[in-house]
Structure formats: structure tokens, C-alpha cells
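Please look over the sequence and the structure shown here before reading the report that follows.

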Amino acid sequence: MQKPELLAPAGDLIRMKYAFAYGADAVYAGQPAFSLRARENGFKNLDDLAAGIEYAHRLGKKFYLTSNVIPRNVKVEAFQNALLSAIDLKPDALIVADPGFVGWIREVRPEVEIHLSVQANTTNYLAAKFWHDLGVRRVILSRELRLSEVVEIKNRVPGLELEVFVHGAVCMSMSGRCMLSNWVTRRDANQGACDNSCRMPYRLYANPEPQCENYHEQEGSFSLQRTDRPELDPIALDEDTWGTYFMSSRDICAIDVIPELMASGLDSFKIEGRTKSVYYLSQVVRAYRMAIDSCATQMKQGVATESVKVSEESRRAISFVDGRGFMPGFLRGPVPQNYESTHEEAPGGCVAAQVIAYDVSANACRVNVKNPFSIDDSLELMTPSGMTSCSVSAMKDFKGGDVDRLHPGTEGWVFFSEDVKGLEENATFCFFVRKNP
């Protein structure tokens, strides 16, 4: 069977290079000023886009340009001009959401491959066929769909490429079509300026005495619960009375659904996270690369889908990244939510340092420290070819002095007591990972 494409986010040129180093087949990057990550987009101009596209093509990889704002009248002409300039750089496809712009691109530049953004909220096979008939090559399906619904769309519109999200953040609205940020801070999420209002805690003020005017001063054990469904757990305030994060969804992690997704013949598995760190990106891409390759090998050997197993190393890689708690999305139900926090630390450990350079003669790495670590901590070196335990003989701070501990926000040197294979050629893409005891 043909392997699905592993599609990774590229927040800037540096993140793009890490994504490719750790196994991505393609990346998607935001068009300057006209994507839903416009505020944090590291691709600031056409020169950045040209450099990214050239780098991807030199590796034999693909570069998709995310141009998925739904513009108002005042932005239409500027968006058209920006799209025409970007098309000249020859990205492999445009990711578009606005139906008017899909039709306009098909009219003025019919040779351009169009992928329909998840912002278009495609949730059924009739909509999928409509877009396919209009000339769309691929549809990125809404995150709200169950696996059975995804499979039905694939079966009913077999000529259409389908892309699904397998990892990353989820909005508590229809595939991100959210108005909350606009209401709260007048920053429009669909114009690339979301302030993540849904990730903040909220307190419920209830009034046990209907005639009391000072309801906002009332304290008590109040909660939100559907009275028609008493069997459902209430959404309660946390112990510190900060409120509840009832609008902040857990993150998708579909690592265990990979065998079924691959058996369904889907074309692209997408990772969310253009604003995430290079370490997060590298670790997650590595996890899904291993999962896809392992499942493909088993399927090629004739192993039945229900017996195909995702490698433990894939799961272990996910255990080294922070998140909001993980769930398989709607691909498998039920869907637990996260009412107490918007952050959960990685259970396996954390990134200790990012490698800047490798000195062959000294057998030492110059590092940028991300989290504190000591010479006697249990460390692994993470490289594009895998993670290996490493024996550290000495450490020096940025002044060259011997130390037993390095601190975040500084640079230093880590010396090995033995050779580490493959480090010399991969040094700039490596990390030290501190394992939890």
C-alpha cells in the first residue's frame, strides 16, 4: 500500500528544516498577512517563502502555502494580489478556505493545485464531491468527524484526496470558526489574530437568592450541569477557585488510530502547531514517522489491520512533549475534556538543551539550555535517526568553567565519555532530553 503523506507545520524557515530532518514528507506554511497564524507567522515576506519552497524542492519534499483567511470586502483585492505573487513562487498547493477565492483561482490560474482548508468545515460526502467537481484536489476534513464518517467520504468520492488532523490543538468551535476572541478582545481569529480566549479559566457566578442584587459577590459550590442529563459529570470550579477551563479542549493524539487511518486509504496525516517549539515539532514528527513506517511494514507483510501495532517508541516519543492532555479526537469516542488546566507536563521527561554545534576533537556539544539539568541526570541524545542514552563526563558553562548543572537561558558545553554515532552530520538538529526519574 502507498504510505500516507506526513504533513508538518512550518512556523518559519528553521522549524521547516527541523520538520524535514525528522521525517516530514511535506510542510504547510502561512502566507504573510493572509493565514490564521498571521500574527505569529515567521514567513514575513515573499523572500522567506521563496527560500522555503526552494529548500523543500531541493530535498524532494513538498511545500503547501496556507492562504485560508475569509476576507472582508476591504481585503479582497489585497488578498488577490498577494495570492498571484505567491503563486509565482510555485508552491505545491494553496490551502484555501473562501469559496469565492477557490472559484477565482480556478478561473485565473487553473493550473494551481488547491487544497480546501479545514476552515471550510467539510463534514459530508456531498460537500466533498461539490468541491472536487469545482477542481479542488484535496479536502482537509473537519476535526469533528468520526472515523466511520471519514471512511464513508473516501468511499463515496474516491478520486478526491483527503487529509485529516492526527495531532495538535483543537478549538472548541466548528473547526476553528470562532467568534470568542473577537467578542472578548476585538481580535478576530479568522483574520489571523486569535488571542486564545478559549484557553483561559472562567468562573461561574450563580445566585442562590434570586432577589439578591450582589450576585457577583456570592461564593459557594456552584457548577454547570445539564439538568436533563443528571448522569453526566458536572463542570465544577477547581479547588483554587480560579474557575474552569471548560472551553479548552484536550489536544488530539491519534497515534493509536494510525493503523485504521492507513487502512482507510487516506492521503495525508496532518500535525497542528505552527507556533510550537522546534523540539516539540521534531519529537512529534518523529513519533508519527515511526508509527507510519512501522504500520506500513506490518501491512506489507500481510498483518490484518486489527492486529497492526504502533511501535512503543512512537508512544514514548509523544510522552516527551507537553500538551493539554491527549485524546483521539472524535475519531474514537467518547471525548474527555480538560476542566482543570490548559497545560500538562510531559510524563516521560523534557527537553534539556538544543544542540548548537559539535566539536569532534573534544567530543563535546555546545548547547542552548532549555530546562535545568545536572551532570548526573539521566540524559538521552535525540537525533533524526533516533534517541540514544549518552554518558556525560563533564559540563562547562558559557565562560568555560566546570559546572555540575546548567541553567535555562544560557549556553554551555556537554562532554561525552564515549563516541556518539551520527552526531557529527546531524548536530544542528539534535537535542538533549532529560528523562524523569
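Predicted model: local features only at pLDDT ≥ 70, side-chain atom pairs only at ≥ 80, totals over all residues.

Residues are numbered from 1 along each chain as its sequence is written, and side-chain values use heavy atoms, with hydrogens and water left out.

**The chain as a whole**

The chain holds 11 helices and 22 strands, where helices (H or I, at least four residues) and strands (E, at least two) are DSSP runs numbered from the N terminus. Of its 437 residues, 49% are buried, a term that stands for under 20% relative accessible area, whereas exposed stands for over 50% and partly exposed for what lies in between (1.4 Å probe, protein chains only). Among contacts (heavy atoms within 4.5 Å) between residues at least 6 apart in sequence, 67% join residues at least 24 apart.

**Aromatic pairs**

A search of the whole structure finds 10 aromatic pairs; rings of Phe, Tyr and Trp (its six-membered ring) pair if their centres lie within 6.5 Å, and planes under 30 degrees apart count as stacked, over 60 as edge-to-face and the rest as tilted. One of these pairs is the tilted one of phenylalanine 79 and phenylalanine 101, at 4.5 Å centre to centre with 35 degrees between the planes. This pair links distant parts of the chain, since phenylalanine 79 belongs to helix α3 (residues 73-87) and phenylalanine 101 to helix α4 (residues 99-108), 22 residues apart. Phenylalanine 101 also forms an edge-to-face pair with tryptophan 104, at 5.9 Å centre to centre and 70 degrees between the planes; these two residues both lie in α4, 3 residues apart, about one turn of the helix. Phenylalanine 79 counts as buried at 0% relative accessibility, as does phenylalanine 101 at 6%, and tryptophan 104 is buried with a relative accessible area of 17%. Elsewhere, Tyr18, Tyr279, Phe429 and Phe431 form one aromatic cluster.

**Helix α6 and its surroundings**

Which residues of helix α6 (residues 147-156) are buried? They are Leu147, Val150, Ile153 and Lys154, and seen down the axis of α6 they fall within an arc of 125 degrees, so they line one face of the helix; the arc is that of the directions from the helix axis to the C-beta atoms. The face turned away from this buried side carries the exposed residues Ser148 and Asn155. Cover for the buried residues of α6 includes α5 (125-133), β7 (161-168) and α8 (258-263).

Serine 264, in the loop between α8 and β11 (268-271), touches Leu147, Val151 and Lys154, not counting residues up to four places away in sequence. A polar atom of the serine 264 side chain lies 2.8 Å from the backbone oxygen of glutamate 260, and serine 264 counts as buried at 18% relative accessibility.

**Strands**

Strand β7 is largely enclosed by the rest of the structure, because 8 of its 8 residues are buried. Strand β6 (residues 138-140) runs parallel to β7 and is joined to it by 3 bridges, and arginine 138 has glutamate 161 in β7 as its bridge partner. Two strands are said to pair if DSSP finds at least two bridges between them.

An open sheet is formed by 8 strands in the order β17-β16-β22-β13-β14-β21-β18-β19, with antiparallel pairing. Its edge strands, β17 (386-389) and β19 (402-403), each pair on one side only. Within this sheet, β14 (residues 364-369) and β21 (residues 411-416) pair in the antiparallel sense over 5 bridges, and cysteine 365 has valine 414 in β21 as its bridge partner.

Technical notes
Polar contact = N/O pair within 3.5 Å; in protein donor to acceptor, adjacent residues only side chain to side chain.
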